[in-house]
Amino acid sequence: MALCIAFLPMPAYADWQPVEIIKTYAITGTSGAELYDSIGERGPLLGPKVRAIAHTDFKLTWTRKYEPQPDGACMITVNIPKVIITYTLPKPSAQLPASTRRSWQKFIAGVEAHERVHGGFIKDMVKEIETMSVGFSVPDDPKCSRIRVELTKRLGEISKKERQRNVDFDKVEFSDGGNLQQLVLKLVREE
């Protein structure tokens with residue numbers, strides 16, 4: 001009985017929690033338009049020439065144990081994620097006039113909410129990887145080498161799907177009349 005239990009895969013660790021960090025970058029200006037111009041000059045780079053208002057990034061590592069099974073298969077028996085999600089947001093470096101401060105607070109709250117949706121996509125991806133890989137096994141792999149190749153393929157598919165979710169979400173948010181477009185307009189107009 002004890003021998004049978006020892007070879008069962010460990011359950012998913014549903015109680016893992018991501019570490020979420022907010023980093024800021026300094027912007028200058030005392031009006032909504034000046035703040036937005038400064039974001040355009042100092043925002044995080046998403047390529048050699050493209051700057052963003054804000055950015056969500058992550059670092060994902062796993063504690064995994066690959067175990068050869070009595071039947072010659074290899075199985076993942078331990079699979080614990082550690083994810084650090086970093087939100088990079090703009091922050092005015094000077095005190096803002098009252099009307100600009102109100103507009104800024106609405107703007108930054110909306111931008112942070114947008115970035116946290118991206119963070120949610122990351123969490124969903126980690127849960128999907130966890131679900132897929134807990135107890136994952138490959139037959140005829142006594143040295144546990146083929147399982148890593150097969151796992152990498154599946155992880156690539158899950159990662160590609162997560163990236164597409166981000167692209168689709170941003171397309172809607174930045175479209176004409178979209179949420180982020182509206183946030184920018186209201187900041188610049190100080191509404």
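This is a predicted model: local features need pLDDT of at least 70, side-chain atom pairs count only at pLDDT 80 or more; totals for chains, interfaces and linings use all residues.
## Helix 2 and its two partners

Let us begin with the helices. Two packed helices are described by the angle between their axes and the distance between the axes. Helix 2 covers residues 32-42, and helix 5 covers residues 179-189. The two pack at an angle of about 130 degrees, and their axes are 6 Å apart. Angles of 65 to 115 degrees count as roughly perpendicular and those over 145 as roughly antiparallel, and helix 2 and helix 5 are therefore oblique to each other.

Which residues make this contact? On the helix 2 side they are G32, A33 and Y36, and these meet V184, L187 and V188 in helix 5. Sorted by class, the contact of helix 2 with helix 5 has five nonpolar residues, one polar residue and no charged ones.

Helix 2 also packs with helix 3, here at an angle of about 45 degrees and with the axes 10 Å apart. That makes helix 2 oblique to helix 3. In this contact G32, L35 and I39 of helix 2 meet T100, W104 and F107 of helix 3. Four nonpolar and two polar residues take part in the contact of helix 2 with helix 3, with no charged residues. G32 is worth a look in the viewer: it meets residues of helix 5, and it is also listed in the contact with helix 3.

Another residue to look at in helix 5 is L185. With a relative accessibility of 31%, L185 counts as partly exposed. L185 and I129 are separated by 56 residues in sequence and by 38 Å in space, C-alpha to C-alpha.

## Aromatic rings

How many aromatic pairs does the structure hold? There are two. A pair of aromatic rings is described by the distance of the centres and the angle of the planes.

In one of them, the rings of W104 and F107 have their centres 5.3 Å apart and their planes at 45 degrees, so the pair is tilted. Both residues belong to helix 3 (residues 98-133), where they are three residues apart, about one turn of the helix. W104 is buried, with a relative accessible area of 7%, and F107 is buried too, at 1%. These two residues were already named above, as W104 and F107 both take part in the contact of helix 3 with helix 2.

The other pair is formed by F121 and F169, whose ring centres are 5.8 Å apart and whose planes stand at 85 degrees, so the pair is edge-to-face. F121 lies in helix 3 and F169 in helix 4 (residues 146-173), so the pair ties together parts that are 48 residues apart in sequence. F121 and F169 are both buried.

The charged end of R148 sits over the ring of Y66, 3.9 Å from its centre.

## Two residues with positive phi

Now to the backbone. Most residues other than glycine have a negative phi. D140 is not a glycine, yet it has a positive phi of about 50 degrees. Where does D140 lie? D140 is found in the loop between strand 4 (137-138) and helix 4. E190, also not a glycine, has a positive phi of about 60 degrees. E190 belongs to the segment after helix 5. Is D140 buried or exposed? D140 is exposed, with a relative accessible area of 60%, while E190 counts as partly exposed at 26%.

## Two threonines in strand 3

Strand 3 spans residues 74-92 and includes T86. T88 lies in strand 3 as well.

| Residue | Relative accessible area | Class |
|---|---|---|
| T86 | 17% | buried |
| T88 | 15% | buried |

Not counting residues up to four places away in sequence, T86 touches I21, K23, H55, T56 and D57. With neighbours within four places in sequence left aside, T88 is in contact with K23, Y25, P44, A54 and H55.

Note on methods:
Residues are numbered from 1 along each chain as its sequence is written. Side-chain values use heavy atoms; hydrogens and water are left out. Axes are lines fitted to C-alpha atoms, for helices over the stretch in contact, and angles run from 0 to 180 degrees between N-to-C directions. Helices (H or I, at least four residues) and strands (E, at least two) are DSSP runs, numbered from the N terminus. Angles under 35 degrees count as roughly parallel, over 145 as roughly antiparallel, 65 to 115 as roughly perpendicular and the rest as oblique. Contact means heavy atoms within 4.5 Å. Ala, Val, Leu, Ile, Met, Phe, Trp, Tyr, Cys and Pro count as nonpolar, Asp, Glu, Lys and Arg as charged, and the others, Gly among them, as polar. Rings of Phe, Tyr and Trp (its six-membered ring) pair if their centres lie within 6.5 Å; planes under 30 degrees apart count as stacked, over 60 as edge-to-face and the rest as tilted. Buried means under 20% relative accessible area, exposed over 50%, partly exposed in between (1.4 Å probe, protein chains only). A charge sits over a ring if NZ of Lys or CZ of Arg is within 6 Å of the ring centre and within 35 degrees of the ring normal.
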